[in-house]
Amino acid sequence: MSSLTLHHHPLSVCSMKVRLALEEKGLDWSSNVIDIVREQEQLEPWYVKLNPNGVIPTLECHDAETKVVTNSASIIRFIAALPEGNSLLPTNKSDIQLMDKLIDLADEVDLQILSYARHPSMEKSEKILDARINKSLLLAEQNPELKNNYLACAARSEKSKTFRVDVKHIKDIEQSAVESLSFAEKQMNGNTFLLGDIYSLADVIWTVVLSRLDLLGYTDWIDGNDFPLLASYYQRAQDRKSFTLAQIQNEWWDK
């Protein structure tokens with residue numbers, strides 16, 4: 001049996017997706033918390049060599065050889081495909097295609113920019129991004145073999161600083177999110193979960209998306225005014241044991 005190590009952070013929304021997949025799958029895994037707020041440990045050279053984008057989460061699967069998987073959508077699909085544990089995948093082709101579409105729609109919601117835009121303290125979130133940029137540029141000079149990686153990390157954080165105060169960009173993200181939510185709402189008609197009566201990988205990612213939108217104060221979307229079926233679904237998801245075990249948190253850091 002494979003052993004799994006997850007590099008993650010408790011309040012990272014992408015880390016939550018992977019932790020929830022691991023808990024729903026019923027797998028044992030080892031935790032390595034990466035401080036992405038104060039120390040910016042995701043930028044340390046050892047980690048950038050593991051994950052060239054310098055982001056979390058990263059999953060290491062240790063078997064005869066070690067496989068490294070990055071990008072939360074790829075990681076949860078990798079977890080679901082493991083032979084051990086509970087099934088998170090439908091069995092027929094049409095449901096598999098629908099599951100993939102639901103995962104892609106959820107993954108396209110830019111929760112990172114929305115989180116920066118609606119952070120309760122713009123000053124503190126600005127400091128996080130500035131620290132990330134400064135450390136990236138410093139390490140780019142100190143580690144020439146990783147310079148391009150670090151410059152890309154700095155550029156990504158600069159982009160986040162720009163987009164989080166761009167009203168039109170935020171509105172575009174929100175409109176895209178509404179379209180994704182509308183599709184998911186239709187899927188809930190007559191269903192307990194997105195694909196029927198079984199909690200699948202699509203439910204894993206949508207549980208976390210709804211949780212983060214809840215945190216961000218999109219009340220009309222979450223409380224049943226705009227999407228009543230998804231509101232009931234979200235309550236059922238929160239009642240699952242895995243929701244607590246995976247630390248699907250609705251608390252801001254350093255308010």
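Guide: Start with Asn-143. Leaving aside neighbours within four places in sequence, Asn-143 is in contact with Pro-45 and Tyr-150. Remember that this is a predicted model.

Visitor: What makes this a contact?

Guide: Heavy atoms must lie within 4.5 Å. Asn-143 meets that test with Pro-45 and with Tyr-150, so both count as contacts.

Visitor: Where is Asn-143 found, and why is Asn-143 called buried or exposed?

Guide: Asn-143 is found in the loop between H6 and H7. Its relative accessible area is 12%. Buried means under 20%. The value falls below that cut-off, so Asn-143 is called buried.

Visitor: What separates the C-alpha atoms of Asn-143 and Asp-203?

Guide: The separation is 41 Å, and the two residues are 60 apart along the chain. Now take another pair. Asp-104 and Ala-202 are 98 residues apart along the chain, and their C-alpha atoms are separated by 9.1 Å.

Visitor: Where does Asp-104 lie, and why is Asp-104 called buried, partly exposed or exposed?

Guide: Asp-104 lies in helix H4. Its relative accessible area is 35%.

Visitor: What kind of peptide bond joins Ile-56 and Pro-57?

Guide: The bond is cis, with omega at about 5°. Pro-57 lies in the loop between helix H2 and S3.

Visitor: Now the strands. How do you know that S1 and S3 pair?

Guide: Two strands pair if there are at least two bridges between them. S1 and S3 have five bridges, so they pass. Their pairing is antiparallel. Within this pair, Leu-4 stands opposite Cys-61 in S3.

Visitor: How many bridges join S3 to S4?

Guide: Five bridges join them, and these strands run antiparallel. At least two are needed, so S3 and S4 count as a pair. Glu-60 stands opposite Val-68 in S4. The two strands form a hairpin, with three residues between them.

Visitor: In what order do the strands of the sheet come?

Guide: The order is S2-S1-S3-S4, in an open sheet with mixed pairing.

Visitor: What makes S2 and S4 edge strands?

Guide: Each pairs on one side only. The twist averages 20° from one strand to the next.

Visitor: What holds paired strands together in general?

Guide: Strands of a sheet pair through backbone hydrogen bonds, either parallel or antiparallel.

Visitor: Which helix lies across S3 and S4?

Guide: Helix H3, residues 72-81, does, running at about 135° to S4. In the loop between S4 and H3 you will find Asn-71.

Visitor: Which residues touch the most other members of the largest nonpolar core?

Guide: Leu-201, Trp-206 and Leu-213 do, in a core of 58 residues. Helix H9 gives the largest share, nine residues. The contacts of Leu-201 include Ala-21, Ile-76, Leu-88 and Met-99.

Visitor: What is the volume of the largest pocket?

Guide: The volume is about 1100 Å³. Of its 39 lining residues, the closest to the centre are Cys-14, Val-55, Ile-56, Gln-112 and Arg-156.

Visitor: Which helix supplies the largest share of that lining?

Guide: H7 does, with six residues. H1, H4, H5, H6 and H7 each supply at least two.

Notes
Residues numbered from 1 in each chain as written. Predicted model: local features only at pLDDT ≥ 70, side-chain atom pairs only at ≥ 80, totals over all residues. Heavy atoms only, no water. Helix = DSSP H or I, 4+ residues; strand = E, 2+ residues; numbered from the N terminus. Axes fitted to C-alpha atoms, helices over the stretch in contact; angles between N-to-C directions. Core = buried A, V, L, I, M, F, W, Y, C linked by side-chain atoms within 4.5 Å. Buried < 20%, exposed > 50% of the residue type's maximum accessible area, 1.4 Å probe, protein only. 1 Å grid on protein atoms, 1.4 Å probe; cavity = no way out; pocket = protein on both sides within 12 Å on 5 of 7 lines; lining within 4 Å. Points joined across faces, edges and corners; volume = space filled by probe spheres on them.
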